Amino acid sequence: MEAAAATFTGHQRSSSFSLRCPSLNFLRLRRIFDLFDKNGDGMITIEEISQALSLLGLEADFSDLEFTIKSHIMPGSSGLSFEDFVSLHQSLDSSFFGYDNIASEEEAANDIGDQARMRQEESDLSEAFKVFDEDGDGYISAHELQVVLRKLGLPEAKEIDRIHQMITSVDRNQDGRVDFFEFKDMMRSVLVRS
């Protein structure tokens with residue numbers, strides 16, 4: 001299991017692997033699961049995970065990947081359900097990055113006040129924003145959004161008009177790009193709805 005995770009993570013301990021805000025982390029995991037579930041059957045097969053990792057430039061040895069994932073697939077199932085996927089994520093998080101999600105979520109609930117949680121949420125949103133803001137200019141352009149959507153294998157990446165609609169839907173100052181505050185408002189509205 002360690003070999004497979006090391007193969008496809010390829011990183012040292014990373015604070016961005018697990019977002020510290022539980023609601024953002026859950027939302028992120030759900031979106032990743034939905035992206036990996038190419039046929040929409042509510043299950044992720046080892047082949048779908050392997051394909052998704054390849055699209056993201058994270059090459060993994062298939063047999064190592066299979067060994068790691070099979071221990072999280074319920075008997076009689078063809079792949080990982082969302083709950084199995086969360087279990088796999090928590091296992092990898094704990095084994096390779098030294099996090100104990102349950103303990104850290106309880107600590108966050110007990111030890112960190114509202115202001116500290118808000119600062120952490122802001123930090124997590126900033127990390128997420130940087131994924132899209134590839135040139136670091138403080139804005140997400142249509143091109144940058146298209147690059148990320150293409151890396152994720154999403155069909156919207158081929159439709160520049162659709163990408164411009166996505167930008168326009170959150171671009172309050174109508175400058176044709178999304179700044180951090182617009183991104184933050186959009187993400188918070190997504191969290192409130194879910």
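**Notebook: loops, helices and confidence**

Entry 1: I began with D175, which is partly exposed at a relative accessible area of 33%. By the cut-offs I used, buried is under 20% relative accessible area, exposed is over 50% and partly exposed lies in between (1.4 Å probe, protein chains only). The model is predicted, and local features need pLDDT of at least 70, side-chain atom pairs count only at pLDDT 80 or more, and totals for chains, interfaces and linings use all residues. Residues are numbered from 1 along each chain as its sequence is written, and side-chain values use heavy atoms, with hydrogens and water left out.

I found D175 in the loop between α9 and β2 (178–179); helices (H or I, at least four residues) and strands (E, at least two) are DSSP runs, numbered from the N terminus. Although D175 and S141 are 34 residues apart along the chain, I noted that their C-alpha atoms are separated by 9.9 Å. S141 itself sits in the loop between β1 (139–140) and α8, and it counts as partly exposed because its relative accessibility is 24%. I also looked up S141 and D179, which lie 38 residues apart in sequence and 9.1 Å apart in space, C-alpha to C-alpha. For contact, meaning heavy atoms within 4.5 Å, S141 has I167 and R177 as partners once its neighbours within four places in sequence are left aside.

**Entry 2: Q174.** In the loop between α9 and β2 I also came to Q174, which is exposed, with a relative accessible area of 72%. Its phi is positive, at about 55°, although Q174 is not a glycine. I wrote beside this that most residues other than glycine have a negative phi.

**Entry 3: α8 against α9.** How do helix α8 and helix α9 pack, and at what angle? I read that α8 (residues 142–151) and α9 (residues 160–170) pack at about 115°, with their axes 9 Å apart. That angle makes α8 roughly perpendicular to α9. Axes here are lines fitted to C-alpha atoms, for helices over the stretch in contact, and angles run from 0 to 180 degrees between N-to-C directions. Angles under 35 degrees count as roughly parallel, over 145 as roughly antiparallel, 65 to 115 as roughly perpendicular and the rest as oblique. The crossing of α8 past α9 is right-handed, a word used if the near helix is turned clockwise from the far one by less than a right angle, with left-handed for anticlockwise.

On the α8 side I listed A142, L145, Q146 and L149, and these meet I160, I163, H164, M166 and I167 of α9. By class, this contact of α8 with α9 holds seven nonpolar residues, two polar ones and no charged ones. Ala, Val, Leu, Ile, Met, Phe, Trp, Tyr, Cys and Pro count as nonpolar, Asp, Glu, Lys and Arg as charged, and the others, Gly among them, as polar.

**Entry 4: α3 against α4.** I then turned to α3 and helix α4 (residues 62–70), which pack at about 125° with their axes 10 Å apart, and which are therefore oblique to each other. Their crossing is right-handed. From α3, the residues I46, E47, I49, S50 and L53 meet F62, L65, E66, I69 and K70 in α4. I sorted the residues of this contact of α3 with α4 into six nonpolar, one polar and three charged.

Within α3, I found I46, E48, I49, S50, A52 and L53 to be buried. T45 lies in the loop between α2 (22–36) and α3 (46–55), and T45 is buried, with a relative accessible area of 19%. Not counting residues up to four places away in sequence, T45 touches S78 and G79.

**Entry 5: K184.** Leaving out residues up to four places away in sequence, K184 touches E122 and L125.

**Entry 6: the whole chain.** I ended with the totals: the protein chain has 10 helices and two strands, and buried residues make up 38% of its 194 residues. Its average pLDDT (the predictor's confidence in each residue, from 0 to 100) is 74, and 72% of the residues score at least 70. Over residues 1–19, however, pLDDT stays under 50, and for that stretch the model has 51 contacts beyond four places in sequence.
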